[in-house]
Number of protein chains: 4
Amino acid sequence: MPSPPRPRTGATGDRSAAAGSDGAGSPAAGRELRARGRRTMGRLLDAGVEVFASRGYHAARVDDIVKVAQTSHGTFYLYFANKEDLFRALAERVASEMRDLAADLPPLGDDAAGVEGLRAWLARFADLYARYGPVIRAWTEAEIGGSEFRRLGAGVLTDFSRVFAQRLIGAAPPGVDPAVAALAVVAMIERANYYVLSGQVRVTSGAMVDTLAAVTHAALFGAAVPAPTGMTNRG
Amino acid sequence: MPSPPRPRTGATGDRSAAAGSDGAGSPAAGRELRARGRRTMGRLLDAGVEVFASRGYHAARVDDIVKVAQTSHGTFYLYFANKEDLFRALAERVASEMRDLAADLPPLGDDAAGVEGLRAWLARFADLYARYGPVIRAWTEAEIGGSEFRRLGAGVLTDFSRVFAQRLIGAAPPGVDPAVAALAVVAMIERANYYVLSGQVRVTSGAMVDTLAAVTHAALFGAAVPAPTGMTNRG
Amino acid sequence: MPSPPRPRTGATGDRSAAAGSDGAGSPAAGRELRARGRRTMGRLLDAGVEVFASRGYHAARVDDIVKVAQTSHGTFYLYFANKEDLFRALAERVASEMRDLAADLPPLGDDAAGVEGLRAWLARFADLYARYGPVIRAWTEAEIGGSEFRRLGAGVLTDFSRVFAQRLIGAAPPGVDPAVAALAVVAMIERANYYVLSGQVRVTSGAMVDTLAAVTHAALFGAAVPAPTGMTNRG
Amino acid sequence: MPSPPRPRTGATGDRSAAAGSDGAGSPAAGRELRARGRRTMGRLLDAGVEVFASRGYHAARVDDIVKVAQTSHGTFYLYFANKEDLFRALAERVASEMRDLAADLPPLGDDAAGVEGLRAWLARFADLYARYGPVIRAWTEAEIGGSEFRRLGAGVLTDFSRVFAQRLIGAAPPGVDPAVAALAVVAMIERANYYVLSGQVRVTSGAMVDTLAAVTHAALFGAAVPAPTGMTNRG
DNA sequence: GATGAATGAGAATTCATTCAT
DNA sequence: GATGAATGAATTCTCATTCAT
């Protein structure tokens, strides 16, 4: 009878499944959840993603979340201490998946296989971003002021930077700090996905993934490798 | 190279000009402002930058702004219809300066002069970002939902992308759309500056500028050019 | 003949029916109200009548209404979008009752029965006015500017005028438009009741009813009929 | 060098002249006004009539009045202590003219000359109402609560009622109190003019005057007298 | 487990009135 | 005499959170 405190399900892949599993709300943390309770909590988490997406973190009202989740106001507080608590549950899940993804960055050799591996990895990143983008964006908002989310976000950022920095060691030209260059690459990947997702630019996710692979590779090895035939614009 | 004058001063310096011409708030739009009025309005705009910086757009209360500007609640509404109106005034000013900067992107030849020109330009970008970063960050927040700021932001983004795309034509490897690659580069530049400014990473602005120049150049011309001696880490 | 039940009771009596069907306030419009909710809403409506009576529409603060209804500020907005919304609910109820009353105007033959029928009807009008006078008075205030209430008020006025005009056809002397004469009669009835209710004049409601019956009859048939013995001054 | 305290110009007839003369605002009461000052004050009074007309008493802001009068906020308080003070000045002027008019009510014999005299008098009433209607309407609003205007209004009402009651003595049928009947007649005259002026009904002022004359005469003498040829619908 | 109702602190906004020039 | 600017008390309205059923 495991009472799961802060599960960290890991890279689940499927949202509905992930959300369905209990993402740890404070009030619910101690309690054991039956099937019905888990479903309600899942609905609330999913609703959170949706509402944070459309209104942003601060503008999101508990009322909105509750309406989307088709449940009552009171029920919300049965599972989460407040809006921040729900956000934390989401953020931790995202952070966890992000770190898992970071750990999976392939070797990135200076050959076609390397490019392809990078591209595949970027595609996974794009998927993750598409799924949790709203949370990630809200992150930036929530970060302001409060330090808890800031730390969590900085941790994820550091993880990504570190793995890229490792690939850059030796490859980066003299005078360029691999750590800083890695940071720049991560910045590019994150923000480019944001541009695509926010609909501010008219580019498909596939085209952006291909381009990010090419540019990142160029940044790493000093020479752009053309995308293999048939890979362009799958998005 | 002088380190960028910090927000307050910078904003104040521009303001008298800006407020006199474009960025006036709605209620003040119709009226002629005397010296005293212009000063008050300027204080409010500066206070806006400061408060948006520390609390973000949504969390910022008119009361905070008023306190920082050392004026009364009622006075605020003498110059701006509401918080959004003040933000609009700021955003328009930033957008305008951003576009001016975009128009100034140098030719970027594949030589030391090209890299140096790019680096100088990126330094200017970093300065601008340091001055108006809060507004730019808040932009992302304010964008959610409302379409007005979204359009303004998209316009600036498009301007930047366009100038970079022009430099990429011919240089970009086959299979990479210059427009998309330019977008990726802009994403990198913007977000990297954000990382630095938000204090999430321990990197100086100078180091980041140098790195961005190197990486961007590599992305453009397929080969990383080492940073000239003595240029690293000025920030 | 029983003296008219006084405002609070009357309004309360009607309310449960009214609130359940037509006059619901906007925010509550979509929701199903349980017993408790209906009671609270009723208290707010009654409080509205009372406060509009003592302070008039514009001077009435939501705070006053809430205090009288013995509920909280937030609760008010659970049931009504704002003061106007509550007023609308009341105005619609009044308009509806007014129109019902208009439809009930008896034939008014040129005999004692006719006068008596008219007097009874005027007594009902006076009762209605006593109960909802505050709302009716506020109506005039609220009318200014906004067209919604104006239309509602004009509709009621038209209804009353029409029924009186019908009674006047044939009876009105040549050269007098029955429609206009009817309007004059309605004006008299309305305003006279207002004078009585507002306490500006020292006349009982009963005396005014008798007089209005006599004068109206004279206007209709060209000859005043004396009030039957014992009918005068029941006020 | 007469410093005119509370002039009471009497039945001036022409608004611009009336408003131009100093209607006595508290702060200005003690001071002597030069030509310029009198003009400014006049503009403020006229603006008051206009604004009270369009927004009603309570909703009228000093700001509106000042804008219409094309003067500044500060100037207003040079002439009037506050909005109420300006309203008092207007109300007193209206009350004064009203009482003058009441005193002029002709004998009203039961013949053609009587009807014609009544009609002429009603036409004057209509003119007065057209000119000061806004003030009279606002009166009702302002009356609520405060007793000062109430008393003033009641006084005017009493004056009108008294003169009509005098004409009714002897004419009124047994069982009808002349004082009450007079009140009813006054109510009719006042409210009918309001209906016409507020635009709630599509009747010309002239038609209403004719009708009021006929109905009032019928109420007085128990028989409707046809309107003389050619008199109908002058408005 | 769930929910409708209630609450009240907090934020936005308005506007009469005062003041310095 | 006139005016632009400033002020802050008064009000409206929102929304996170608690409670009784």
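Mentor: Let us begin with one residue and its partners, where contact means C-beta atoms, placed from the backbone, within 7 Å. Leaving aside residues up to four places away in sequence, Leu183(B) touches Ala192(A), Tyr195(A), Val201(A), Val203(A) and Ser161(B). This is a predicted model, in which local features need pLDDT of at least 70 and side-chain atom pairs count only at pLDDT 80 or more, while totals for chains, interfaces and linings use all residues. Residues are numbered from 1 along each chain as its sequence is written, with chains lettered from A and ligands numbered from 1 in the order in which they are written.

Trainee: Which residues touch the most other members of the largest nonpolar core?

Mentor: A nonpolar core is a set of buried Ala, Val, Leu, Ile, Met, Phe, Trp, Tyr and Cys residues joined through C-beta atoms within 7 Å; buried means 20 or more other C-beta atoms within 10 Å of a residue's own, exposed 12 or fewer, and partly exposed in between. In the largest such core, of 151 residues, they are Leu183(A), Ala184(A), Leu183(B) and Ala184(B). A second, separate core has 149 residues, including Leu122(C) and Tyr79(D).

Trainee: Is Gly155(A) exposed, partly exposed or buried, and why?

Mentor: Gly155(A) counts as partly exposed because it has 14 C-beta neighbours inside 10 Å. Gly155(A) is found in helix 8 (residues 148-168) of chain A, helices being DSSP runs of H or I, at least four residues long, numbered from the N terminus.

Trainee: How is a pair of packed helices described?

Mentor: Two packed helices are described by the angle between their axes and the distance between the axes. Axes are lines fitted to C-alpha atoms, for helices over the stretch in contact, with angles from 0 to 180 degrees between N-to-C directions. The axes of helix 9 (residues 178-198) of chain C and helix 9 (residues 178-198) of chain D come within 7 Å and cross at roughly 115 degrees. These two helices are therefore roughly perpendicular, since that word covers 65 to 115 degrees, with under 35 roughly parallel, over 145 roughly antiparallel and the rest oblique.

Trainee: At what angle do helix 3 and helix 6 of chain C pack?

Mentor: Helix 3 (residues 35-55) of chain C and helix 6 (residues 83-103) of chain C pack at about 90 degrees, with axes 10 Å apart, and are therefore roughly perpendicular as well. In this contact, Leu44(C), Leu45(C), Gly48(C) and Val49(C) of helix 3 meet Leu86(C), Phe87(C), Ala89(C) and Leu90(C) of helix 6.

Note on methods
Two residues are in contact if their C-beta atoms, placed from the backbone, lie within 7 Å.
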